[in-house]
Amino acid sequence: MITGLSHTTIWVLDQDEALEFYTRKLGFEINTDATMDDFRWLTVSPPDRSDHELILLVPGPPMMDEESAEQVKALVAKGALGPGAFETDDCRATYAELSARGVDFLSEPTERFYGVEATFRDNSGNWFSMTERAELPVHQ
Amino acid sequence: MPDPIPVYVHLRRAKDLIDRDYAEPLDVPALAREAHASRAHFLRSFKRAFGETPHRYLLRRRIERAKELLRNTRLSVTEVSVAVGFRSLGSFSSAFRRLVGESPLAYARHWRPVAPPRIPACFTLMYTRPHESTFREAGTGDPG
């Protein structure tokens, strides 16, 4: 059976700038940074969570033709893409910390039925939820 | 042709500013500055990039935020209209009715007695702003 999701592709506009953002601003760690020919495999994870890697990739050939790559970049830049939700142990404290480092939040920490949630964008334009989960109810 | 991507980045920052400060009066010069564009160029390029003018985008963001408050809080319709940035209850009610298809009070009466749908709020933020296909806007009086 499938036991989890280990890698997620995040389309970014520039790998160096994305790396700077994910490590310096979000505090993530580099998992792998390897280049072969002109392909750079660059993955990051939240601290101590190397079991899920975010692949920071720039759309382009040969995976995508130039026109498709430009379309994906436009979607990222316009803010149309939201790759997922991050977890945090303290949404309000993390919000304060990341805001101070210059992360652009779209919404402040707010109580929801599933926890406390804020939303932010990475420096390319991808939007993410950042949620401190509420205690999950015990199901029968 | 110049690279459109940096332009999109600036326009998106202006759009994000609307999403954050929707309760404030719309300050087109400030948005144009955020987008690194002249006022006229900003208005034109925003519409080309996002399919609607900044005014209309803001109006629909306010109505979306109002829907959330009407569903999830006990605020009165008047309080909701102020909270999302309308200056008059009349303009709020008519915009709401036009974009949602029913009055704010009717909408609240629908939703308040039932548990809200189990949809994460970040997705209602991104996906439940009224748009053309959710409800056909009546009339042609929208200046947006």
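This is a predicted model: local features need pLDDT of at least 70, side-chain atom pairs count only at pLDDT 80 or more; totals for chains, interfaces and linings use all residues.
Residues are numbered from 1 along each chain as its sequence is written, and chains are lettered from A in the order in which they are written. Local features need pLDDT of at least 70, side-chain atom pairs count only at pLDDT 80 or more, totals for chains, interfaces and linings use all residues, and side-chain values use heavy atoms, with hydrogens and water left out.

**Figure 1. Confidence along chain B.** The model has an ipTM of 0.84 and a pTM of 0.87. In chain B the mean pLDDT is 89, and 90% of the residues reach at least 70; pLDDT is the predictor's confidence in each residue, from 0 to 100. Confidence in chain B is lowest in helix H8 (residues 121–127), with a mean of 88, and highest in helix H5 (residues 77–83), with 98. Helices (H or I, at least four residues) and strands (E, at least two) are DSSP runs, numbered from the N terminus. Residues 138–144 of chain B have a pLDDT below 50, and this stretch makes seven contacts in the model beyond near neighbours in sequence. A contact means heavy atoms within 4.5 Å.

**Figure 2. Overall layout of chain A.** Chain A contains three helices and eight strands, in the order β-α-β-β-β-α-β-α-β-β-β along the sequence. Its C-alpha atoms fill a box of roughly 50 × 40 × 25 Å along the principal axes. Of the 140 residues in chain A, 41% are buried; buried means under 20% relative accessible area, exposed over 50%, and partly exposed in between (1.4 Å probe, protein chains only). Among contacts in chain A with a separation of 6 or more, 51% join residues 24 or more positions apart.

**Figure 3. The interface of chain A and chain B.** The contact involves 21 residues from chain A and 24 residues from chain B. About 1800 Å² is buried between the two chains, 61% of it on carbon and sulfur atoms. On the chain A side, Lys78(A), Phe113(A) and Trp127(A) lose the most area to chain B, together 34% of what that side buries. Buried area is the accessible area (1.4 Å probe) that two parts lose on being put together, summed over both.

Figure 4. Two salt bridges cross the interface of chain A and chain B, a salt bridge being a side-chain nitrogen of Lys or Arg within 4 Å of a carboxyl oxygen of Asp or Glu. One salt bridge joins the side chains of Arg112(A) and Glu68(B), at 3.2 Å from N to O. Eight residue pairs, both at pLDDT 80 or more, are in polar contact across the interface of chain A and chain B. A polar contact is a pair of N or O atoms within 3.5 Å; within protein, one must be able to donate a hydrogen and the other to accept it, and residues adjacent in sequence count only if both atoms are side-chain atoms. On the side of chain A that touches chain B, helix H2 (66–78), strand E6 (104–112), strand E7 (115–121) and strand E8 (127–133) of chain A each supply at least two residues. H2(A) gives the most, with five residues. This side of chain A divides into eight nonpolar, six polar and seven charged residues. Ala, Val, Leu, Ile, Met, Phe, Trp, Tyr, Cys and Pro count as nonpolar, Asp, Glu, Lys and Arg as charged, and the others, Gly among them, as polar.

Figure 5. Most residues other than glycine have a negative phi, and most peptide bonds are trans. The peptide bond from Pro61(A) to Pro62(A) is cis, with omega near 5 degrees. Pro62(A) sits in the loop between strand E4 (53–57) and H2 of chain A. Asp48(A), not a glycine, has a positive phi of about 60 degrees. The loop between strand E3 (39–45) and E4 of chain A holds Asp48(A), which counts as exposed at 72% relative accessibility. In chain B, His36(B) has a positive phi near 55 degrees. His36(B) is placed in the loop between helix H2 (28–34) and helix H3 (39–50) of chain B, and counts as exposed at 60% relative accessibility.

**Figure 6. Surroundings of Leu89(B).** Leu89(B) lies in helix H6 (residues 89–100) of chain B. With a relative accessible area of 36%, Leu89(B) is partly exposed. Leaving out residues up to four places away in sequence, Leu89(B) touches Val77(B), Thr78(B) and Ser81(B). Arg39(B) is 50 residues from Leu89(B) in sequence and 29 Å away in space, C-alpha to C-alpha.
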